[in-house]
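Thanks for making time this morning. I would like to walk through one model with you, going from its overall make-up to its packing and then to a single residue.

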Amino acid sequence: MLDDSLFGDRASFDGRAESDDRYSGDPIARMRERKSAPLTRKVPMASGMWLEDAASGFYGRLASANKQTVTLQDFDGQRKAFPADSIFLLEDEAILLGPPAAKQQSGRARSASGSFHVADAKARTARAGRIFVEGKHDAELVEKVWGHDLRIDGVVVEFLQGADHLAEVLTVFGPSPTRRVGVLLDHLVKGSKEQRIADDIMRRFGASHVRVVGHPYVDVWQSVKPERLGLKAWPVIPRGQDWKKGICRALGWPAEEQADTARAWQRILERVRDYRDLEPSLLGRVEELIDFVTEPGGAGT
């Protein structure tokens, strides 16, 4: 909860920490900076609003605030404090935070997937059905954006460690009318190895028990909109090169060890705030799989 008493006189509060630095640095340079700086809209802070710190890219819910600091909490529960006069992004608009409005009316909160957020909801007992994704990075991205929905619906997501293992995994799992399986594959395009695997799986296990969908990208990294990394488009990596290492090199990141690509992915994942940062070609496929395994009478409990 935000405490109005922390802010003192509402009329005199300007969203900035109290300090007097009029005589530090170059006063002429500071006057030029103030003159040339663009005006930034001031928005009353409200507990629960989602903000991105413009400097670091940290994205989270406004958890607490006082005259000196603003604390954000991300989807994983991690908290970070920022100076109260920081520039934040609200719906991609640069803003300054002002004192809370006298009366606040807010709409119903939404989860990272865009669905309505169910506060303090307990996770449902896991369904018999499952969603399988091709790798760890896919699973982490799905969890970050759809985790709330999946827990409410009782859907477990597991990763395959490669599409080549799909038939073996499904044989062990045993899909059935009450144990539906949704599968998300990378690079599922016409004529690809993944397309041949998907066609074989559907023939063997049946479309009423298993649904295989995919996105067109070489790797799930590309499903993150390039603008979130300051790019106009993802770099094109020549065939024959390791794609992830090629991406790291193209972006000027270390790429010599497996740990380098792992850190690169975490760097990319941190830039994902919610569903709006992902390409529609991934969004639609994940929603389709969730609907398939949760259809009444289809997945069981």
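The protein chain has 7 helices and 11 strands, where helices (H or I, at least four residues) and strands (E, at least two) are DSSP runs numbered from the N terminus. What you see is a predicted model, in which local features need pLDDT of at least 70 and side-chain atom pairs count only at pLDDT 80 or more, while totals for chains, interfaces and linings use all residues. Residues are numbered from 1 along each chain as its sequence is written, and side-chain values use heavy atoms, with hydrogens and water left out.

Confidence comes next. The mean pLDDT, the predictor's confidence in each residue on a scale from 0 to 100, is 81 for the protein chain, with 77% of its residues at 70 or more. Helix H1 (residues 27-36) has the lowest confidence, at a mean of 47, and helix H5 (residues 243-250) the highest, at 96. Over residues 3-23 the pLDDT is below 50, and this stretch has 32 contacts in the model beyond near neighbours in sequence, a contact meaning heavy atoms within 4.5 Å.

Now to the interior. Of the 301 residues in the protein chain, 42% are buried, that is, under 20% relative accessible area, with exposed over 50% and partly exposed in between (1.4 Å probe, protein chains only). Leaving aside neighbours within four places in sequence, the contacts of Leu141 include Trp146, Trp265, Leu278 and Leu282.

Finally, where is Asp277 found? Asp277 lies in the loop between H6 and H7, and this residue counts as buried because its relative accessibility is 3%. Not counting residues up to four places away in sequence, Asp277 touches Ser223, Val224, Lys225, Arg228, Arg271 and Val272.
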